[in-house]
Every structure is written in C-alpha cells, then in structure tokens.
Amino acid sequence: MSKKVHVQTTINGEAVDFLCEPRNSLLEVLRDDLDLTGAKEGCNNGNCGACNVIMDGRLVNSCCVLGVEADGCEITTIEGIGSAANLHPLQQKFLEHAALQCGICTPGFIVSAKALLDENPNPSEDEVRYWLAGNLCRCTGYDKIVRAVLDARNGA
Amino acid sequence: MSQNGHKVIGTRPIRHDGVDKVTGRAIYGADIQLTGLLHGAIKRSPHPHARIKNIDTSRAEAHPGVRAVVTAHDLPQIADKLADLGEAIVNLRDASNNVLAYGKVLYKGHAVSGVAAINLHVAQEAVELIDVEYEVLPHVTGVLEAMEDGAPILHEDMKTTSMGEETDKVSNVANHFQHKMGEPDDGFAEADVVIEREFTTQTVHQGYIETHNATAHWNEEGQLTIWTSTQGAFSVRDQMSEILQMPVSKVKIVPLEIGGGFGGKISVYLDPVAALLSKRTGHPVKMTMTRDEVFEGTGPTPGSYLKVKMGATSDGRLTAATAYMAYEAGAYPGSPVGAGAGCIFTPYDIPNVQIDGYDVCVNKPKTNAYRAPGATNAAYATETVVDEISEKLGVDPLEFRVKNGAKEGTRRADGPVHPRIGCIETTEAALNSEHYRSSLAKSGNGKVRGRGVASGYWFNFNGGRSAISVSINPDGTINMLEGSTDIGGTRASIAMQLAETIGLEATDIKPYVVDTDSIGYTDVTGGSRTTFGTGYAAHATGQALIREMKERASKLWDVPADAIDFEDGVFSYRDDAEKRGSFKELASQAGDAGGPVVAQVSTNPDGSGGGAFATHVVDVEIDRETGKVDILRYTAVQDAGTAIHPSYVEGQMQGGVVQGIGWGLNEEYIYNDEGSMTNASFLDYRMPTTLDLPMIETIIVEVPNESHPYGVRGVGEVPIVPPPAALANAIYDATGVRLRDLPMSPPRVQKALAENGG
C-alpha cells in the first residue's frame, strides 16, 4: 500500500477533503469513503456510464478518473442533482415516463442527461441518442429514457 | 378510471421506489457498508479444462492485509441432490463445485479460491499470489463437437440418460428426451411443402448492469446473514443451507435492491465464499464481481444447434413438425433445452410433432436462465421455417400464423392443453397494426430495406409460493411486506392489486421487500410469475382485510358482520344508511375494536400463469458493403392478460425486444482456440445502445387469464423470443438471403450476401 494523498474538492457544492491512495479511482472514493453510493460500478472501465459524474462542467466516467485527479475540482454527483423534496425536472420526467426498471443505470443516465441539457437545452432525439450512447441500460430498451429526456427539455 | 371498471388497475401511478432510484438513494447490494468490513476476491482458472493438482495459498496468506484464504476443501462435500431453484432444477453437488472447483476446473473463469483482505486492492494482489498447479486437459466448447465420440469428457462419472433411463454410455450428453404427438411421417406425407433447415446460436449473457455481489456476516452464535442482490432471497437461503450444510433457521438473507437479473441472479456464486471467509475471520466480508468475472464466471444462456422440419398443405395448413435440439449446458448438466422444447412449436396447432432434446456439457460457464430460457433459440428456427413455408405457399406470413394458431384446447407437444390464450388475438393485432399495414419505402441511399415478422411463446410459471403481511395504519394507509424482490416495478404492480381490492389509491399502500426472517417463503422473481403470483396473494390479502374490517365494523356499529356490505371502497350496514364508512374512515377507529388490524396471507395458486404470446414486426435497412443491419421501425404485440401498470408492461416488452435485437444482431461469446472468451467486456460484447435503436412501439392485447382474479398474465419474458427470427425474416425480405446462424452480425451478413449474391 502506498502513502495516502490529501485531496481537496468541492462535491455537490460543499468543500470536501479526503485521503486516498494514488491507485483509488474517484468512483471508489465516492462510494467507499464519502458514502456517495448513487454512482454505480457496472464495468469499471468506462463502458457503461453507471458511475458518471460531472467534473468541472464535463461529463466523466468516475471509474476512469483517479481520486487524486479530482484535487481542486468541482464535482456533481447524482446526490447533488435533486432531492426527494426538490426533484430535478429530469428526475421527475424519469418517474412520470416509467423510464427505469431495476434502476441501477438510472443515476448515470440522469447525470449524463443533465450534462447534455446544460450544454444543449433543446436537443433533438438524434442528439439525445448520440449523447446517451455511453450509458448502458439492459432493462428498458431506452425508449422511455429517451422520451423522458426529450420531455425534460427546456424545463431543466 | 381505467377500462373494465377498475379504479387502480390499468392506471400509471409513479412507482413507490421511484424517488429512491432517481436520486441515487436506493441501496443496492454493493452499496452496503458495515463496521469491520473486509473485502473479498476470487482466484479463477485460466484454463477451460484442467485437473487441480495442488493449491498453495501460503504466499497469499502471508501478504500484508490478508485475513483469510479458502478453497473447495473448506466447503462440505455434498452428495448428488436435485433442487428446484425457481427457473431450473439444479444438482446441489454441481452447484457447490461451481462455487469453488473441486478436483477439476471445467471452464476458464471457474472459481478455485477466495481471499478476504482489508481492502479490495489487497485482496486482488493476494489472488495473484495463490499458486495453483494444473494438469491441463483437452477441452471442447462447441455443442456438436462435445457430442462426438472421442470428445474430451467433462464428467468421467456422468452417463447419458436417454428417454428417462440411465444408459451405460459415458458422454457429455447428460440427457436426451423426446416429445411425440401423432405420426410425423404421416403428417409430412400429407404435406405439399416441406422445409427442413439447420440453425446455430451462440452463448449470450443476460448483461445486467449490476455485477454480482454478496456481503456475509457469520457471527459468533453461528447465525449467518447475507446481504445481496438476488431474484429470490429464499432461494439463496435454500442454496446456502444446502451448500454449507446448515439449517435454514441459521441463515438470514437480506435482499437489497437488484440491478437487473433476467434469470441470471438466482444461482449463488459469491455468497458461500463470502460466508466461509466471514466464518474464518469473524468479520463481515463483501464480495463484488468485476465485469469480466460476470461474463466468464456466471451463467449465460446457451449456444445451440437446431434442426427443424415443418410441412404444410397447399391450402396453408401445418401437418407435421420435427425438431432436433442440442443445447449447451455449460460445465454442468442443466441447459434450458427442456423449456425450449416446450415452446418450439407452441404458437401453432400441429397434429403431428416430434421433438428430440439434448442437454450437453461443454467447457463453458454453467448456463443459467435468461428471459424465456431456451425459447429464443427455438423460435429462431421455427419462425424462419414458417416464414419460408408462407413464402412458398404465397400467403401472408401473419395470415398463415392466424390460420394455424394455437387456441384454447390445442395440445402442446410436451403434453399440456392450452387454457384460454391470446395467441391468435395477438397475431391478428399485429396483422391489423398500422405498422404492418403501412408500406415500406425504398431506401434512397443505396441500401436495401425489408420487413420481417415472427411470433413467440413462453409458459409463464404457475404462480408459485408467495407471502404478504400487512398492517393497517390509523390514517388508512397500509404497510405491505412482501417476499418478492422487485426487479423492475413489482412493488407497484402488487400494491396496485391490493389497492384495487380494498378501494384505496396505489399511493396508500407502502410496499416493502423484506428479509427471509420477516415474511413467509416466497419463490423467485422469475418465470414471469411475480405480478401474477404475488399479485394473486395481494388480492387474497385484500379479501382478508375486507373480512376483518367487516368484523371491526360489526363491533363498532353493534350490527351483525354478515349484514355489512363492501362496495366501491365503502363498508355499509344494509339496514341503516347512517352506518357506513370508507376503508380509511374505519381504519381510524378499527384499532379500538380489537387491536391493530393486520393480515398475513400465503398463496400457491393451482391455475395457470397464463401462457404468453407475442408477435413482432420489424423494418430493417442493410448496408450491403458493411453488412450492418439498422432497425428502422419495430412493433411488439403481446397478450398481457390484464395490464396492471401499462407503462411497466410496455417497458418489459421494449426491454425484451432490445435484448432480443442484441442477441439477433451482435451479441455472442467469442472463443479462441484455447477455449478462452476473447470479448469479456461491455465494449467488446457490445450490447445495444441508444444509438442503435429507434423507439420500440408496443401494442398490448388483453385476453384475461382465467386463473387470476384480475386476469393477469406474466409479461416479462416472451418479448425476447421473436426478435432474432423477425430480424432474419426482414433481412431475407431485403436481400433474398436467409441467415440461419446467430448473431447476424455485420461480418456474417456481409459474408452471406457475398456468398449468395444477395
């Protein structure tokens, strides 16, 4: 085991310090050390998008970012996008459209869709499908997910 | 109000667990944190077939941070014993040897040892320090090769069972069975058109996004608790009890949220290893699989070889059909060939049928259930042959299906006679759909377009055991505890049936999936049984609550209970209009008339889960140069009996279709000559993404299942059955070339077009 490194970040608007080994991914730190288990591990190599977070305005696979790389960065996780009492329009539309079944990929999809709408508030269906192609869902066939995101346009 | 006079059934409320799941708050198996938690990892075989000569764990045990190492020698060696795990009958000795290999490894990825350490990285380092000495043996991964004389034998003590009798022949064929009805030879003699074709399909994985996980704590009193993601907590309890040889009363399974299963999260893999490591260390131990471990070390659904022959008269009547079906079981016996044989000709009324099924061991992971297990392979063969016959006869393929469709009273070749089913209604709905009636425009870009159809059948299991326990709150809401794990919206579909029965809103019911110490035995969430079987229990629970509330009203109003009516959610005394109250109004007073109102119900309905039929229509566009098949439009039609929550019925249909599209066009385990899977990652296995698909249109047909109080049929599985065949028929329509090997991936399509001038 190597010496742990002190990392200073802002997560969901709050200053967060943590110690991690250089080999720990940001996903590991979020889940195991910071109790932010909304980001999920589906593949641990950037193929499924279940761990997606927004880092300094950019959508990233948190499994492919090292914890130490987050130093000085601002990170938004699913936990920072909305709460039960104050759902983000995307979260509300996912519920209304039944755009989830097992729900394991849902946080990653919502984070990815949030990053899309931040960049392009009025995407076409093709643009939504292109953007979300980095997120795998095995339950829904994507139909209701795409509809939910389209329905959340401009409301976000 | 929805149709059929229902107030809740047929509406689309927001699911009870929805907010937890869109905010990241829901706790899945891997999310659990416990004090003193250790982390485990598995050492796996690099060889597809080898004798284990020695396992030396000393270097791993000496590694700093390692707390324990276990092998199969730490598991009790158990005798042959068959157990029903919900979607398959399993030999528990094989199940144990699959958890940790004993004597031999039978596939690359077979677990041989487990390690617990202070963190995952240390555990993974220690895995590399376990020294296993192997005697590598010849391997076989193809089903037909494994059936040949002289093939490498996986189990030297396994003799083929043929037609129910054990033979003296040692081979990889675990079982050969036959279903026969009528005289196929006579039937073919009557036929004017006879088509016989061969088909192959490859191993595919369920592909759930959540990897397997188990966290075990074996405390000092010998009580074992497991937190895990499973389709059936009680099935896990049974397996743990058998594999570890301990009483069920010593095992508690806590089912956490499950991130997809599709049949693949019934068998245990990590759970017994985590338990052994916890027993050894006294600490809770968490184990999670990596994605490549999921591909290589858990149960996919089999590759197969099928030969199907069907005959029809010139006036379009099927007279005979035969099938030879050889399915890969993987490392241990138990492929879904039996289920496939029960489905292969079932959408049709055919008087003369013979089906021969072979269950064949190969050096691949032990196969497992995957959504309508065995039926998709079977339909790929039947439905393309039916397409060919329709074409030869010059009739519309859906009209041919309607004319020959199975109906109430039709006997399946494997014995049972259909109750009321919606086979013909479903096909007619497809025939009359706007999609099928529309004309397919030609492609303007040099590509070619075509349309295909196919049908499919899945049994739907007959209910099974379900338990529900409820308590009524004074505000008229109900806490509902259930044993069915919720894999995709069944909290809602079960709560809605209780709400309907007692005149409440869906949101008045608070459903909880609880652990095995807190509810009666409940069978797995599988076989498309949960909304049917546990919904059946929810209806019975509602009836029990109505009876109880009548008793309470009788005391409160001082009138006889049998003079109290319940209608439209209101209890009323027949002889005095003043004495009436809704369920909620009574709930606030009922506790004063006999204590808290509770009910516990368990059911195991006798009737049919209601056979499920689907017919799909697909339009494709094919790039001849690259062989890539794009889907332009897809419509799935299915009989749901009664759709409890239509959005989630549509979701099951859409999800099943897309898994079937993946199976049809791209997914396969690619093996090299060393018997090693070369594409064990999501990138290389390449399941469908948003970009590969259009919207998936759905048409729900409702032919009520007479065995369920609300007419429910299971809906989860059948939608995966038609897609590969529908795609093959569409590719033929576009190119004039028939593809009979899955997947119909770009290289295969390109090659087939080049060879056939399509």
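B:Asn54 has B:Glu133, in strand 8 of chain B, as its bridge partner. The model is a predicted one, in which local features need pLDDT of at least 70 and side-chain atom pairs count only at pLDDT 80 or more, while totals for chains, interfaces and linings use all residues. Residues are numbered from 1 along each chain as its sequence is written, and chains are lettered from A and ligands numbered from 1 in the order in which they are written.

Strand 2 (residues 50-56) and strand 8 of chain B run antiparallel and are joined by 6 bridges. They belong to an open sheet of 3 strands in chain B, with the order 6-2-8 and antiparallel pairing. Two strands are taken to pair if DSSP finds at least two bridges between them; strands (E, at least two residues) and helices (H or I, at least four residues) are DSSP runs, numbered from the N terminus. Strand 6 (104-105) and strand 8 (131-136) of chain B each have a single partner strand, so one side of each is left without a neighbour in the sheet.

Strand 24 and strand 25 (residues 570-573) of chain B pair in the antiparallel sense over 4 bridges, and B:Phe566 stands opposite B:Phe571 in strand 25 of chain B.

## Nonpolar core

In soluble globular proteins, nonpolar side chains tend to be buried together. A nonpolar core is defined as a set of buried Ala, Val, Leu, Ile, Met, Phe, Trp, Tyr and Cys residues joined through C-beta atoms within 7 Å. The largest such core has 274 residues, of which B:Val115, B:Ile226, B:Val273, B:Met325, B:Val360, B:Leu727 and B:Ile731 touch the most other members. Helix 16 (residues 530-557) of chain B gives the largest share of this core, 9 residues.

Neighbours within four places in sequence aside, B:Ile226 is in contact with residues including B:Ala214, B:Val236, B:Met240, B:Ile253 and B:Asp271. Contact between two residues requires their C-beta atoms, placed from the backbone, to lie within 7 Å.

B:Ala146 is placed in helix 5 (residues 143-147) of chain B. Is B:Ala146 buried or exposed? B:Ala146 is buried, because 25 other C-beta atoms lie within 10 Å; a residue counts as buried with 20 or more such atoms, as exposed with 12 or fewer, and as partly exposed in between, with C-beta atoms placed from the backbone.

Residues up to four places away in sequence not counted, B:Ala146 touches B:Val140, B:Ala151, B:Asn172, B:Val360, B:Cys361 and B:Val362. B:Ala146 and B:Thr367 are 221 residues apart in sequence, and their C-alpha atoms are 15 Å apart in space.

## Domains

Chain A is divided into domain 1 (5-80) and domain 2 (89-151), with bounds that come from an automatic or database domain assignment. Their centres, taken over C-alpha atoms, are separated by 21 Å. The contact takes 13 residues from domain 1 of chain A and 12 residues from domain 2 of chain A.

For chain B, the assignment gives domain 1 (3-26 + 462-603), domain 2 (32-137 + 210-259 + 265-297) and domain 3 (304-460 + 608-756). The C-alpha centres of domain 2 and domain 3 of chain B lie 36 Å apart. In chain B, 20 residues of domain 2 are in contact with 19 residues of domain 3, and helix 9 of chain B gives the most to the domain 2 side, with 5 residues.

## Interface of chains A and B

Between the chains, 44 residues of chain A are in contact with 44 residues of chain B. Helix 2 (89-96), helix 3 (106-119), helix 4 (125-131) and helix 5 (143-151) of chain A are the elements that give two or more residues to the chain A side. Helix 2 of chain A supplies the largest share of that side, 4 residues.
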